[in-house]
Amino acid sequence: MDLVVRAARAVTAAGEGPATLGVDGGRIVVLEQGIVDLPGTRVVELSADEVLLPGLVDTHVHVNDPGRAEWEGFETATRAAAAGGVTTIVDMPLNSLPPTVDVAALEVKRKAASGRTHVDVGFWGGAIPGNISDLRPLYDAGVFGFKCFLLHSGVDEFPPLDPADLDAALRELASFDALMIVHAEDSEAIDAAPDPHGEKYTDFLGSRPRGAENLAITHVIEAARRTGARAHVLHLSSSDALPLIASARREGVALSAETCPHYLSFVAEEIRDGATQFKCCPPIREAANRELLWQGLADGVIDTIVSDHSPCTPELKRFDTGDFGLAWGGISSLQLGLPAVWTQARQRGFGLADVVRWMAERPAAQVGMTRKGHLAVGYDADFSVFAPDEAFVVDVAALKHRNPVSAYDQRPLAGVVRGTWLRGSPVTGDEPRGELLTRGNC
């Protein structure tokens, strides 16, 4: 075999325990529960304080390349992913120019990414008014599903779907069993809320009320029920919606939901006025809300944790004024998701097997990846070496994404990624070896 890895601690389908992996041709060909002697061209033995984890799968990443590569690019985003133990990302269809709303735009995106990725990269398509005829061709070209907004997306070239457009798009996707992922905030509810302006975080929070999120999720549930389509709620921040999601599932609606490390880590009460690095939409809410999101994960109502890495240039965060109304919304966290989640999860009695389920197994399953997200025979040999008990303080200048902005700067976290391997080879950040993925072929 090309590679043998022996780990006193590994997270596999059997749980956490000793394991030996054999890798050949980029795939796991042997998995033994326990430390055994296997022949290999290269043998790696993990230290006692290290755990072997499957490579994480982050299905919510804004790379912004091409068109806004000064915000983020494929080389920098995928270096950051690898540094955080993420071996597969799925790139969002907006903030790049052109947005990925037809096959021609997908080809532009793939050309921009080709030969520049340090981890594997797939792509979402976009659903916007007027592009229903483009959805099936995009799906056949390999996108993993489709994203839509129910309110202004922040960029004019990716407009939202109104209720009639949403129904029409869902009916089309149901005809070939494609997934719709939805930014669920109600535009009318937000238009009726106070305008965000100035430095006070409480004012910004009031401009994106829970009710807007809850109402939009109700619309998504009913539209999915009417059309029979599969729908997924993006970046859930309102714990009020958890009973709605649970009830819809019990009634047979094909609905899933994700949340993000920032909603599980930060609380509104601790965000300083003018700290626009914390601005995201929907917003970070109160401490009690955070605990209910954790309970939603424990109960299985929330399926996955993904980054929603949405970077921009420092100027767009408006640190000069601290005005939440003017600042771009988005948290840069692609490299930090694993330690951020682990820091909070361990305090609440969760284990690494839980984190792997939320951040590797279920995201891969959600998008139909059959060779990602597990340490198992037949899967790609994508994994990370994680030291869960080593602590560090985040230094934003040392992170790999393009611009030195992150809400996690100077935050102490538990867990250090000491190495990441893609198809049986270490990711060094020097030679891009990532592949561009298509649905049904990964």
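Predicted model: local features only at pLDDT ≥ 70, side-chain atom pairs only at ≥ 80, totals over all residues.
Local features were taken at pLDDT of at least 70 and side-chain atom pairs only at pLDDT 80 or more, whereas totals for chains, interfaces and linings use all residues. Residues are numbered from 1 along each chain as its sequence is written, and side-chain values use heavy atoms, with hydrogens and water left out.

Six strands form an open sheet with parallel pairing, in the order β9-β10-β11-β12-β13-β14. Helices (H or I, at least four residues) and strands (E, at least two) are DSSP runs numbered from the N terminus, and two strands pair if DSSP finds at least two bridges between them. The edges of this sheet are β9 (125–126) and β14 (304–305), each of which pairs on one side only. Within the sheet, β11 (residues 179–183) and β12 (residues 230–233) are joined in the parallel sense over four bridges. Valine 182 has valine 233 of β12 as its bridge partner.

A further open sheet consists of three strands in the order β6-β7-β8, also with parallel pairing. Its edge strands are β6 (56–61) and β8 (120–123), each pairing on one side only. The twist averages 20° from one strand to the next; axes are lines fitted to C-alpha atoms, for helices over the stretch in contact, and angles run from 0 to 180 degrees between N-to-C directions. Strand β7 (residues 86–91) pairs with β8 in the parallel sense over four bridges, and glycine 122 in β8 is the bridge partner of valine 90. Helix α1 (residues 74–83) lies across β7 and β8 and runs at about 140° to β7, contact meaning heavy atoms within 4.5 Å.

Grid points are joined across faces, edges and corners, and a volume is the space filled by probe spheres set on the points.

The largest pocket holds about 650 Å³ of space. Its lining comprises 34 residues, of which His152, Ser153, Gly154, Arg208 and Cys281 lie nearest the centre. Two or more lining residues come from each of β10 (146–149), α5 (187–192) and α6 (201–207), and α5 has the largest share, three residues. By class, the lining has 14 nonpolar, 14 polar and six charged residues; Ala, Val, Leu, Ile, Met, Phe, Trp, Tyr, Cys and Pro count as nonpolar, Asp, Glu, Lys and Arg as charged, and the others, Gly among them, as polar.

The second largest pocket has about 250 Å³ of space and is lined by 14 residues, with Leu161, Asp162, Pro163, Asp186 and His219 nearest its centre. Helices α4 (163–174), α5 and α7 (210–227) each supply at least two lining residues, the largest share, four residues, coming from α7. Six of the lining residues are nonpolar, two polar and six charged.

Two cavities of 30 Å³ or more were found. The largest cavity has about 80 Å³ of space. Strand β6 gives the most to its lining, with three residues, and the lining also includes Pro261, Ile305 and Met359. This lining divides into eight nonpolar, three polar and one charged residue. The second largest cavity, of about 30 Å³, is lined by residues including Arg371, Lys372, Asp380 and Asp382; one of its lining residues is nonpolar, four are polar and four charged.

Methods
1 Å grid on protein atoms, 1.4 Å probe; cavity = no way out; pocket = protein on both sides within 12 Å on 5 of 7 lines; lining within 4 Å.
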